Amino acid sequence: MSMIAAFYGGKSILITGATGFLGKVLMEKLFRTSPDLKIIYILVRPKAGQTLQQRVFQILNSKLFEKVKEICPNVHEKIRPISADLNQHDFGISKEDLEELLSSTNIVFHCAATVRFDDHLRHAVQLNVTATQQLLSMASQMPKLEAFIHLSTAFSNCNLKHIDEVIYPCSVEPKKIIDSMEWLDDAIIDEITPKLIGDRPNTYTYTKALGEIVVQQEGANMNIAIIRPSIVGATWQEPFPGWVDNLNGPSGLIIATGKGFLRAIKATPMAIADLIPADTVVNLTLAAGWYTAVHRPKSTLIYHCTSGNLNPCNWLKMGLQVLATCEKVPFEKAFRRPKADFTTTRFTTHYWNAVSHRAPAIIYDIYLRLTGRKPRVMKLMNRLLRTISMLEYFINRSWEWSTHNTEMLMSMLSPEDQRMFNFDVRQLNWLEYIENYVLGVKKYLLKEDMAGVPEARQHLRRLRNIHYLFNIALFLIIWRLLIARWQMARNVWVFIVSFCSKFLSYFRASSTLKL
Ligand SMILES: CCCCCCCCCCCCCCCCCCCCCCCCCCCCCC(=O)SCCNC(=O)CCNC(=O)[C@H](O)C(C)(C)COP(=O)(O)OP(=O)(O)OC[C@H]1O[C@@H](n2cnc3c(N)ncnc32)[C@H](O)[C@@H]1OP(=O)(O)O
Ligand SMILES: NC(=O)C1=CN([C@@H]2O[C@H](COP(=O)(O)OP(=O)(O)OC[C@H]3O[C@@H](n4cnc5c(N)ncnc54)[C@H](OP(=O)(O)O)[C@@H]3O)[C@@H](O)[C@H]2O)C=CC1
């Protein structure tokens, strides 16, 4: 019998960010392995015209929850959505809901965050720092609370090269930052943002670091653990390989590569691609929840959920496998053939952006205009280039994360739990994982049917022929222009033509002689 699964049985669990990528995988695993849990409260905001119930209905009806619905047919009765917006004071939770939450909750998993790299500091602080502080204050009033698990990121201290499982201080105390956001206007915040984030690349990593300090300060009297995953990718094994449902991290770039938009990217091929599958993160999170509640470690433990030091994979290996899979099982209606390369200098990056990204986009937009349609590719391309520029920081560096706590936790699990809540990335076969990731992107993100693969292959063949024809036409046009304007080009042309005709007449003469 799994100790972890048994531990969550009969428990009331609060999850923030349950509608997000990791939150959904966490909920799914909880229901699948502990169908006898009492209830999962989820803090949800109405979004995109959907009520809370509609949002929950949509999640439960997704492919991710198919197995859960077999194992736990009354799953819908065990989810209790609570209307809450983490941007609001007290989250805008009603008095009755708050009372129920405070009196019943046993475990809190805090996953909600803004993961945008370009968020305004005010918003990022509100969600990643202030909301964390408020949630901890709520948790401190929960008499039945056994553990509070905070999801952070391995990149919260990405300004360092070697990162230990400790909380690092920031130059300005989080409380001062929270206070200042209340009275500073946007223009001043914009001005001080670069100074505050210092050598971190964005407000996301900075505010996640502040969030950790808040957890340490405010949660001193609680059983708390912090999980720091690196770049979370599609599921590895559970509930099935390759599940992914948003464009964050590598997923968006895999689409851009498979659809032929992304042709070059500035990356350090040998830098570690520290990806971690979503189900691995969730297994570690659940194991940490159990360990924190049952073993009650004296201090707040931080768990690095990373792959680089145990089973490293580099960007070259990953990129090549993405391309190989896109070649084998192409995405539908590709813009160009999937073919990409890494650039290593600013100059070559600018050159390939102009030649391989902007030029084809402009040409295709002209074609769309000429055929009476609305041009759209340049806009898409600009968005892609902006996204790449934001991700570049992470694909041109390597970090070392120590994993002592994570390894200690692994050793504390029973063999049954090590199997059921596996977070040992040494067992991961990268080539297989990346192939499943790309297939998952195709099936679950792009919603493409595998039956369309022959047509997609046919489309790629057409694109290859168009590419050849285009290159020949371009060559001829450039050559014609050169001949018209440049004496040297004319001389070369005359030389080539006379050489070819001599060669042909020699060839003809020798073959006649042989006859
Ligand atoms: C022998 C030698 C041979 C050499 C051969 C070499 C072969 C090499 C081959 C190379 C091939 C390349 C293969 C490529 C595949 C692998 C590359 C992987 C690189 C991955 C890098 C990942 C790094 C991530 C680092 C993360 C570190 C921190 C981790 C975390 O803790 S948090 C989670 C991460 N968070 C994010 O990822 C959020 C990032 N996103 C944002 O911040 C924003 O979305 C934005 C990028 C700033 C864009 O903002 P906008 O306002 O402009 O857009 P908006 O968000 O509103 O969306 C607009 C539309 O764009 C779509 N979109 C959003 N995100 C992405 C995305 N990442 N990629 C693509 N598209 C995206 C969005 O859906 C909207 O679309 P619409 O709805 O249609 O309008
Ligand atoms: N994905 C990754 O690569 C990594 C993620 N992490 C961390 O893991 C956690 C989960 O990330 P992930 O699942 O990928 O993120 P997602 O962006 O997929 O999910 C974010 C969640 O937060 C919720 N949320 C955001 N704003 C509010 C708000 N104002 N009120 C209520 N809920 C809100 C979202 O709700 P809604 O659906 O309404 O928008 C969503 O459920 C985060 O803490 C992140 O920092 C760490 C490392 C890597």
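In this predicted model, seven strands line up as an open sheet, and reading across gives the order β3-β2-β1-β4-β5-β7-β11. The pairing throughout is parallel. At the edges sit β3 (79–83) and β11 (301–305); each has just a single partner strand, so one side of each is left without a neighbour in the sheet. Going from one strand to the next, the twist averages 20°. One of the pairings joins β1 (residues 12–16) to β4 (residues 107–110), in the parallel sense and over 4 bridges. Here T16 stands opposite H110 in β4.

Helices lie across this sheet too. Helix α10, made of residues 203–218, lies across β5 (147–151) and β7 (224–229), and runs at about 165° to β7. Helix α12 (residues 278–295) lies across β4, β5, β7 and β11. Its direction makes an angle of about 150° with β5.

Next comes the division of the chain into domains. Domain 1 takes in 9–245 + 280–310, domain 2 takes in 246–279 + 311–448, and domain 3 covers 456–514. Domains 2 and 3 do touch: 11 residues of domain 2 are in contact with 9 residues of domain 3.

What about the inside of the protein? The largest nonpolar core holds 108 residues, and the members that touch the most others are I15, M27, L30, F31 and F109. Both domain 1 and domain 2 give residues to this core, so it lies between them. There is also a second, separate core of 44 residues, with L14, L127, A131 and C170 among them.

Over residues 466–486 the chain is 95% helix and 0% strand, with 29 Å between the end C-alpha atoms.

Conventions. Residues are numbered from 1 along each chain as its sequence is written. Chains are lettered from A and ligands numbered from 1 in the order in which they are written. This is a predicted model: local features need pLDDT of at least 70, side-chain atom pairs count only at pLDDT 80 or more; totals for chains, interfaces and linings use all residues. Side-chain values use heavy atoms; hydrogens and water are left out. A nonpolar core is a set of buried Ala, Val, Leu, Ile, Met, Phe, Trp, Tyr and Cys residues joined through side-chain atoms within 4.5 Å. Buried means under 20% relative accessible area, exposed over 50%, partly exposed in between (1.4 Å probe, protein chains only). Domain bounds come from an automatic or database domain assignment. Two strands pair if DSSP finds at least two bridges between them. Helices (H or I, at least four residues) and strands (E, at least two) are DSSP runs, numbered from the N terminus. Axes are lines fitted to C-alpha atoms, for helices over the stretch in contact, and angles run from 0 to 180 degrees between N-to-C directions. Contact means heavy atoms within 4.5 Å.
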